[in-house]
Amino acid sequence: MSPPVPSAQPPPESESPRLGSASSAAAGLAAVAKTASFGLRNVGVIRGAKLLLEVNQKDGFDCQSCAWPSPDGDRHTFEFCENGVKAVADEATPKRIGRDFFARHSVVELSRQSDYWLNRQGRLTEPMVLRPDAAHYVPIAWDEAFSLVAAELRALPSPDAAAFYTSGRTSNEAAFLYQLFVRQFGTNNLPDCSNMCHESSGAALGESIGVGKGTVKLDDFLLADAIFIIGQNPGTNHPRMLSTLEEAKAKGAMIVSVNPMPEVGTERFKNPQHFMNPLKVLPTLLGKGAHLADLWLQPRVNGDLALFKGIMKEMLAAEDGAPGKVFDHAFIREHTSGYEELVADLRATAWQSIVDDCGVPRDQIAAAAAVALRSRAIICCWAMGLTQQPNSVATIQMVVNFLLLGGNLGRPGAGVCPVRGHSNVQGDRTMGIFEKMPDSWLDRLDAEFGFKSPRRHGLDTVESIKAMHAGNVRVFFAMGGNFLSATPDTEFTAEALRRCSLTAQVSTKLNRSHLVTGRTALILPCLGRTERDLQAGGEQFVTVEDSMSVINPSRGRLEPASPHLLSETAIVTRLARAVLGASSTVAWEELAGNYTLIRDHIAGVIPGFEEFNRRIAEGVFYLPNSARDHREWKTASGKAGFVVAPIPRRAFRDGEYVMMTIRTHDQFNTTVYGLDDRYRGVYGGRRVVFMNAEDLAVAGLQQGQFVDLANRHGGIERVAKHFMIAPYRIPRGCVATYFPEGNVLVPVDSVAAKSNTPTSKYVIVTIAPTADVAAALESRRAGAAD
């Protein structure tokens with residue numbers, strides 16, 4: 001009988017989720033209470049208070065959570081949100097995981113625990129190794145761990161048989177050294193978390209305006225006449241954005257929310273900062289909260305492209321009625337190409353096709369267009385609700401078309417704002433974490449360090465998974481993150497990891513990627529963002545880049561969780577020396593001891609970082625953005641391009657639904673801090689499927705019933721079992737589940753065109769009652785007992 005295999009999926013829950021009342025406003029006293037309870041429970045009163053006063057301060061540390069920017073000038077004393085507190089307290093927990101923990105718990109036993117339980121066990125404190133066929137991790141010395149990785153890498157038939165993943169938490173300095181090491185090793189296999197989130201944004205914006213990043217600054221929100229929030233839930237994923245929206249609203253901005261699900265964060269907001277103001281505390285406490293969205297449009301999942309075609313078609317009708325007075329023709333003539341083709345496409349697109357596909361009534365589309373027509377400055381924000389669709393790139397380009405018609409790029413109060421989900425995911429890409437960096441960038445890297453980097457494009461995340469599964473990638477090294485739980489097609493990805501000879505994870509906390517591994521596995525524990533970084537050259541700081549291209553310093557304040565932890569930069573430099581030996585042209589040891597030297601090299605390679613050390617010593621600074629700063633379009637035509645794209649065709653069989661994956665309010669990315677989602681009225685569990693009440697009636701299902709979800713893309717059946725039905729205001733034919741629980745249903749080869757991003761917001765599923773409810777309950781109880 002073969003030994004048990006560690007479970008790749010989160011186990012069934014021991015208790016059923018409870019459905020209750022949802023919050024009527026985002027933040028407020030509930031957020032303050034949650035912040036206090038989570039911080040006190042995990043960190044303690046005095047330690048926690050001191051720590052939180054350092055979050056997002058210019059002389060403190062950058063929050064590990066979302067990438068929403070902090071003000072350039074004066075900052076609030078409490079420059080954090082509820083979910084930021086969860087992230088900080090989670091990292092600063094006094095709980096520890098050492099060799100005794102792993103001696104007590106086998107890998108199989110740990111895999112039967114929930115992601116919530118795994119995360120709560122505490123900080124990793126020493127490097128650990130899982131030997132071939134072993135049941136338990138055991139300690140390993142750092143030098144031996146680096147030698148083990150070096151031996152595995154040197155034994156490969158080609159450097160391209162290794163993949164080097166990066167999570168969005170990695171600092172600029174560590175990311176720059178990491179990509180330098182990987183390219184000196186000889187490969188461009190640098191998959192990262194951007195491949196799964198905003199890769200579509202970069203591809204779309206790069207083609208349309210020549211810059212793959214946002215074009216607005218924080219102050220632009222206070223100058224905007226209208227703000228469109230599309231496929232984004234700021235109340236949970238970017239809570240500090242709500243304060244910015246509240247300020248913009250107070251200055252007269254109209255806010256339009258576009259989302260298949262109602263999100264309380266864009267409906268009403270009680271700003272916790274107001275509890276510090278004697279004039280605002282009672283109105284905030286007793287009132288309903290600030291009303292944010294003036295209009296909510298509820299498209300079907302993947303209906304956004306048709307919706308924005310409809311908005312533009314309404315605007316074109318207004319232009320026809322008042323020629324030359326609606327669109328910004330001076331801007332269009334000087335700065336764009338493809339206008340006539342777009343207009344012809346809008347005229348040829350039937351209203352019935354638009355309404356049928358997006359699911360939004362025409363009068364509501366007209367209302368959104370009216371907001372745009374009254375506005376001289378418009379900002380469009382979006383997140384993964386747009387980027388994880390099959391036609392994500394075309395959809396985002398339709399949003400850009402909408403802005404270009406009014407000249408809403410490259411001027412105050414207007415532009416694109418793809419809101420990044422992790423604190424330095426944008427910075428990592430700037431530092432060269434990309435499998436397809438331009439030759440001009442690589443030429444500068446080569447000149448700086450005196451070597452020839454590879455030019456063959458590497459593998460992105462989906463391609464790396466497939467290459468591991470096929471046996472073509474044999475070593476997988478992850479700089480942070482929880483790769484297994486973040487990626488699509490959980491069982492396929494798990495098998496891909498198991499086929500590697502070595503998987504290595506640089507981590508601060510225990511997660512499922514440590515449990516589903518290659519033949520040999522390493523856990524390499526590193527310093528957290530909150531911790532002091534002492535090196536040979538003294539105490540060091542790192543930098544990060546936020547969603548608006550602002551470079552911020554970050555200085556940890558806590559003593560490290562263990563004397564055995566290494567910084568990310570130290571791990572990279574010691575690994576590089578072990579692998580490359582004396583043949584490397586880089587003075588790795590010097591760079592490890594003094595991060596100013598790393599920043600000097602960054603300044604020599606990456607445009608916009610000139611005099612890096614002087615500028616960061618003086619405060620934060622912006623990277624240049626040609627579209628924002630000069631209306632310069634680095635596209636093939638030299639102009640911003642209108643893009644024409646067809647409305648995608650829909651063809652569903654009876655009983656099929658479109659599923660999208662979402663987060664709860666008690667998680668950040670794959671990290672689960674709690675089991676509640678008070679903004680949607682779900683408590684004590686995560687395995688729920690949100691369904692339209694009419695769909696329930698037609699399917700003969702009911703609230704609280706347990707069902708199994710299945711996807712059969714490519715002739716392969718993928719099943720997610722034991723989900724409880726939760727009726728919700730979601731369009732008919734659409735359902736939603738939380739991730740990572742729903743990731744098992746996302747096919748690895750269902751990706752967005754051009755970006756290769758997994759389509760986690762467009763998964764065709766069928767739903768059937770759980771066959772054996774008694775067995776399901778027993779399975780859940782067994783999981784709890786373990």
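This is a predicted model: local features need pLDDT of at least 70, side-chain atom pairs count only at pLDDT 80 or more; totals for chains, interfaces and linings use all residues.

Entry 1, a helix pair. I looked up helix α8 (residues 172–185) against helix α25 (residues 568–580): their axes come within 9 Å and cross at roughly 15°. That makes α8 roughly parallel to α25, a class that covers angles under 35 degrees, with over 145 as roughly antiparallel, 65 to 115 as roughly perpendicular and the rest as oblique. Axes here are lines fitted to C-alpha atoms, for helices over the stretch in contact, with angles from 0 to 180 degrees between N-to-C directions. Helices (H or I, at least four residues) and strands (E, at least two) are DSSP runs numbered from the N terminus.

I note the contact residues, contact meaning heavy atoms within 4.5 Å. On the α8 side they include Leu177, Tyr178 and Phe181, and on the α25 side Val572, Leu575 and Ala576 are among them. By class I get 10 nonpolar, three polar and two charged residues for this contact. Ala, Val, Leu, Ile, Met, Phe, Trp, Tyr, Cys and Pro count as nonpolar, Asp, Glu, Lys and Arg as charged, and the others, Gly among them, as polar.

Residues are numbered from 1 along each chain as its sequence is written, and side-chain values use heavy atoms, with hydrogens and water left out.

Helix α13 (residues 304–321) and helix α15 (residues 339–348) have axes that come within 10 Å and cross at roughly 100°. The two are therefore roughly perpendicular to each other. The contact includes Met312 and Leu316 of α13 and Leu342 and Leu346 of α15. It has five nonpolar, no polar and five charged residues.

Strands pair if DSSP finds at least two bridges between them. I find an open sheet of three strands in the order β21-β22-β23, with antiparallel pairing. β21 (542–545) and β23 (621–622) are at the edges with a single partner strand each, so one side of each has no neighbour in the sheet. Two bridges join β22 (residues 550–554) to β23, and isoleucine 551 has phenylalanine 621 as its bridge partner. I also see α8 packed on this sheet, touching β21 and β22, its direction at about 90° to that of β21.

A six-stranded open sheet runs β6-β5-β18-β17-β16-β7 with mixed pairing. Within it, β17 (residues 502–507) and β18 (residues 520–525) pair in the parallel sense over six bridges; alanine 504 stands opposite leucine 522.

Is methionine 431 buried or exposed? At 0% relative accessibility it counts as buried (under 20% relative accessible area; exposed is over 50%, partly exposed in between, 1.4 Å probe, protein chains only). Methionine 431 lies in the loop between α20 (425–430) and α21 (439–449), and touches Phe176 and Ile602, among others.

Most residues other than glycine have a negative phi, and most peptide bonds are trans. I list three exceptions below.

- Histidine 722, in strand β31 (residues 718–727), has a positive phi of about 65° and is buried at 13%.
- Lysine 754 has a positive phi of about 80° and is exposed at 58%.
- The peptide bond from phenylalanine 739 to proline 740 is cis, with omega near 15°.

Definitions and conventions. Lists of a residue's contacts leave out its neighbours within four places in sequence.
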